[in-house]
Amino acid sequence: MDYQFRRIEKDWQQFWAENQTFKADNTSSKPKYYVLDMFPYPSGAGLHVGHPLGYIASDIFARYKRLKGFNVLHPMGYDSFGLPAEQYAIQTGQHPAITTEANISRYREQLDNMGFSYDWSREVRTSDPSYYKWTQWIFMQLFNSWYNQDSDKAENIQTLISKFEQNGNEGVSAVCDDDVPSFTAEEWRNFSEEDKQATLLKYRLTYLRESTVNWCPALGTVLANDEVKDGFSERGGYPVEQKKMMQWSMRITAYADRLLKGLDTIDWPEPLKEMQRNWIGKSVGALVEFTVDGIMYTREDEDDFAHLKPAVIEVFTTRVDTIFGVSFLVIAPEHDLVPVLTTAAQKEEIENYIAQTKKKSELDRMADAKVVSGAFTGSYAVNPLNGEKIPIWIADYVLAGYGTGAVMGVPSGDQRDYLFAKQFDLPIIQILDSQKDLENQADATKEGKYINSGLINGTNYPEAIATLNSLLENSGFGKPKVNYRMRDAIFGRQRYWGEPVPVYFNGDMPCLIDEEELPLVLPEVDKYLPTESGEPPLGRAEDWRYQGAYPYELSTMPGWAGSSWYWYRYMDANNEHAFADEKAIAYWKDVDLYIGGSEHATGHLLYSRFWNKFLKDLGLVKEEEPFKKLINQGMIQGRSNFVYRVIDEEGKATNKLVSAGLRNQYKVLAMHVDVNIVENDVLDIDALKKFRPEFESAEFILENGKYICGVEVEKMSKSKFNVVNPDDLIERYGADTLRMYEMFLGPLEQSKPWNTNGIEGVFKFLRKFWKLFHDDEFNFNVSDEEPTKAELKSLHKIIKKVEEDIERFSFNTSVSSFMICVNELTDLKCNKRAIVQDLVVVLAPYAPHITEELWSLLGNAPGTISYAQYPKFNPDYMVENEFSYPISVNGKMRMNLNIPLSLEAAEVEKLVLSNTDFRKYLEGKQPKKVIFVKGKIVNVVI
């Protein structure tokens with residue numbers, strides 16, 4: 001029978017599920033290959049045709065690797081904690097777990113319908129307590145660790161305590177908070193237990209401290225920088241403000257240098273690696289102390305006058321050579337010293353400025369370079385090298401969390417400082433004789449000799465840097481320093497639907513629960529909103545206290561927590577005693593191929609590398625980097641269609657719709673129309689009337705009897721009515737057609753518009769492929785005859801081409817090559833087992849359902865094609881020892897005939913005239929002569 005794709009695909013999907021065809025073995029003798037997709041958040045909308053692009057590519061590669069003899073791990077799961085389910089819970093009262101379960105069921109149905117070769121026995125869900133038990137466990141290991149700069153790795157906190165007991169913190173080289181005081185061993189021993197724990201918190205790799213965060217009152221939660229756009233939440237568009245809160249943080253900065261160096265060892269797209277390098281932002285410079293003139297202060301925890309000391313502002317600079325050009329200091333509006341520095345006369349102005357700053361996200365503040373703003377505190381600092389007083393300002397372009405939260409203003413060498421100085425009429429001091437055009441702009445040159453610069457006058461840049469670094473360090477006013485733009489990662493959200501933090505509080509001090517009590521499960525609450533007193537939703541849980549006495553942490557973990565280690569859980573997904581067995585980790589090691597979007601460059605991909613390095617430090621995993629090779633698939637964009645509503649002379653919309661080609665004759669309003677009621681840009685008018693009832697009686701101005709829609713390439717979204725549901729295409733054409741068409745659209749890494757119009761060609765190809773195995777009545781018909789050289793050449797061309805294409809992830813070019821091959825074999829009327837069976841194996845990664853069916857019809861055991869051997873390319877068959885001659889009669893080409901190139905004219909003439917198929921063109925006449933051009937033509941004259 002003809003190609004019955006619906007039955008074939010359902011049968012084989014059921015077979016794979018029942019037989020666990022793609023289940024991977026943790027103890028195989030085969031070489032391993034781990035193929036992973038970035039697992040999805042299961043949204044209520046399900047998948048549109050743009051989502052499976054990367055999944056199809058990874059599945060082709062996974063299936064190909066099995067054919068090449070690898071033991072392939074290709075799992076799938078769900079990043080199932082997320083804000084959308086919680087927002088839906090707030091609106092409806094339905095528990096997020098119920099919404100998430102329904103969404104996962106929908107995703108699973110769609111994924112199954114596409115024929116992916118996932119090992120579903122290893123499915124994970126980040127919201128499952130059996131999974132987040134181990135997310136909580138990793139958090140506890142981080143809490144119990146510190147970063148030893150001497151050994152350049154994380155160590156158990158007990159090793160730090162031992163150092164304190166022996167020598168205090170003298171000689172301890174650790175990544176820690178900046179405000180750690182020095183103490184001796186004796187002082188440590190005399191600390192109260194609370195003081196000891198407070199001190200240790202300044203060293204732990206996860207810790208609690210006051211941080212400036214993006215607070216969204218409408219969502220009732222803190223948002224990451226990448227969740228805020230132009231001062232509003234990306235989801236919902238709600239206002240976001242800057243706010244100081246006690247927050248859990250992860251000391252990712254401890255790993256900054258290793259994160260940078262590791263980028264040189266992995267095969268990732270260079271633009272993505274550069275994004276991480278810029279995010280980490282390594283800078284080599286100096287830390288300089290500016291004493292505030294006439295102000296003494298004491299820290300909040302020191303309440304006696306004995307601790308009074310001059311206020312000091314620390315500035316990190318990469319251009320210490322410009323210190324004599326400093327004409328002002330700028331500190332962040334959130335800087336701790338702002339209240340101390342603000343004079344009574346400037347208080348109102350400072351407070352108003354701070355209020356305005358809170359309305360901006362940090363990204364907005366960094367990006368808004370054109371708008372110059374600031375406020376003078378009323379205080380002055382003293383330049384440590386020339387003693388000159390310089391005014392101290394606050395401005396929103398300085399961030400409290402980056403560097404020291406203070407910058408020195410050098411207008412002659414920095415354009416932003418230049419604009420600030422011009423705006424507020426501050427001095428612009430030339431510091432190099434080579435600086436030009438300072439009347440109009442800054443000049444950041446390092447060339448020339450220094451002027452107006454005290455002891456470095458007449459020196460060049462390298463000499464000045466060496467002199468000043470030495471002087472600052474010897475005088476105690478500064479020191480050389482390496483700084484990083486990246487800051488510690490905030491690790492808490494004031495929401496319900498996330499992993500509970502396994503911490504309770506004894507007074508103000510955070511304490512871990514016992515490991516035996518994991519998982520700490522989310523409690524039930526009556527609402528998913530913050531409490532009336534402003535606590536997170538977990539504050540609504542009744543009697544939710546540790547051992548009935550101590551309050552739990554009420555924040556939950558951020559969205560990136562569960563995705564920062566999930567690839568290890570796939571290695572041993574059902575282990576109840578460890579996040580993964582050490583033997584499974586030793587076997588699978590790392591992910592060989594990871595496919596996902598570049599939008600995760602400075603989020604998931606950075607945090608995953610951080611957690612992986614930490615787990616390696618503890619000896620729990622083997623590899624420094626989690627993902628050997630990463631491919632960012634491009635976006636499939638929507639192809640929107642438009643109808644055009646005529647606007648009358650008064651500017652009112654009429655009930656007339658004009659076809660696209662005629663719209664220039666009218667004033668029109670373009671309106672999106674559902675692409676699913678448009679075919680080849682021709683509108684189904686009856687369907688439109690059902691879609692938009694207001695057009696039931698509309699007048700349609702047509703072109704040649706058709707309404708032609710306008711076209712525009714846009715992001716695929718429901719609001720633009722350009723979402724194409726893969727379920728509809730699978731129902732109409734089959735999953736194999738969809739898989740091959742998505743690959744056919746263009747290179748994997750490039751973005752491209754979706755156009756359903758072209759899918760028909762791929763469907764026809766698969767029908768033509770099916771026909772190779774069947775006669776005209778669609779009876780299965782495969783010959784055991786020996787193949788011809790032309791047939792072998794066609795087969796081995798495709799064997800070589802597909803192998804090369806898959807290895808370099810050029811899937812689109814393989815699809816067109818398959819079409820050429822099938823056309824050649826059809827022309828050769830080839831149905832020979834020796835040819836078509838190998839072709840089935842070569843096509844199997846792309847079109848697994850049709851090839852499974854044909855493999856079985858060829859007499860092979862069902863399901864064994866997945867572990868067959870990829871055909872071996874034989875270059876001998878590519879040698880041109882035969883030519884397909886066009887055979888003409890009186891100059892008119894009638895057929896092609898494969899003839900060995902070694903034959904001469906007489907032999908060719910005999911072969912052609914004796915061919916049964918050719919003789920019918922002679923019409924019983926005797927040839928007058930035969931014209932033969934070797935390797936070109938044969939023309940018979942009658």
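Predicted model: local features only at pLDDT ≥ 70, side-chain atom pairs only at ≥ 80, totals over all residues.

With that, look at helix 21, residues 735–744. Which of its residues are buried? They are Ala735, Asp736, Thr737, Leu738, Arg739, Met740, Tyr741, Glu742 and Met743. That makes nine of the 10 residues in helix 21, so the rest of the structure largely encloses this helix. After helix 21 comes glycine 746, with a positive phi near 155°.

Helix 21 also turns up as a packing partner of helix 25. Helix 25 covers residues 833–843, and its buried residues are Ile835, Val836, Leu839, Val840, Val841, Val842 and Leu843. What do they pack against? The list is helix 2, helix 21, helix 22 (759–771), helix 23 (789–807), helix 24 (811–827) and helix 26 (848–857).

Now the chain as a whole. It contains 28 helices and 35 strands. There are 942 residues, and buried ones make up 52% of them. The C-alpha trace spans about 125 × 70 × 65 Å along its principal axes. The accessible surface comes to about 42,200 Å², and carbon and sulfur atoms account for 48% of that. If we take the contacts with a separation of 6 or more, 72% of them are between residues 24 or more positions apart.

Four strands form an open sheet with parallel pairing, in the order 2-1-22-23. Which strands stand at the edges? They are strand 2 (71–73) and strand 23 (627–632); each has a single partner strand, so one side of each is left without a neighbour in the sheet. From one strand to the next, the twist averages 20°.

Within this sheet, strand 22, residues 591–596, pairs with strand 23 in the parallel sense, over five bridges. Helix 2, residues 52–67, lies across strand 1 (32–37), strand 2 and strand 22. The angle between helix 2 and strand 1 is about 170°. As I said, helix 2 is also one of the helices that the buried residues of helix 25 pack against.

Is aspartate 590 buried or exposed? Its relative accessibility is 3%, so it counts as buried. Leaving aside residues up to four places away in sequence, aspartate 590 touches Lys32, Tyr34, Met571, Glu623, Glu625, Pro626 and Lys628.

Now for some antiparallel pairing. Strand 5 (residues 206–216) and strand 9 (residues 241–250) run antiparallel and are joined by 10 bridges. Threonine 206 has methionine 250 of strand 9 as its bridge partner. Strand 9 is also joined to strand 17 (residues 489–490), again antiparallel, by two bridges. There, methionine 250 stands opposite alanine 489 of strand 17.

A few backbone details come next. Leucine 518 and proline 519 are joined by a cis peptide bond, with omega about 0°. Proline 519 sits in the loop between strand 19 (509–512) and strand 20 (545–546).

Asparagine 680 has a positive phi, near 50°, and is not a glycine. Its place is the loop between strand 27 (678–679) and strand 28 (682–683). With a relative accessible area of 48%, asparagine 680 is partly exposed. Asparagine 704 likewise has a positive phi, about 50°, and lies in the loop between strand 29 (699–701) and strand 30 (710–714). At 81% relative accessibility, asparagine 704 counts as exposed.

Last, the surface. Which residues form a nonpolar patch there? They are Ile931, Val933 and Ile937, with about 200 Å² of accessible area together. Isoleucine 937 belongs to strand 35, residues 937–941. Its relative accessible area is 38%, so isoleucine 937 is partly exposed.

That is my part done. Thank you.

Notes:
Residues numbered from 1 in each chain as written. Heavy atoms only, no water. Pairing = 2+ DSSP bridges. Axes fitted to C-alpha atoms, helices over the stretch in contact; angles between N-to-C directions. Contact = heavy atoms within 4.5 Å. Patch = residues over 30% accessible without salt bridge, like charges linked within 9 Å, V, L, I, M, F, W, Y side chains within 5 Å. Areas by Shrake-Rupley, 256 points an atom, 1.4 Å probe, with all protein chains shown as cover. Salt bridge = Lys/Arg side-chain N within 4 Å of Asp/Glu carboxyl O. Buried < 20%, exposed > 50% of the residue type's maximum accessible area, 1.4 Å probe, protein only.
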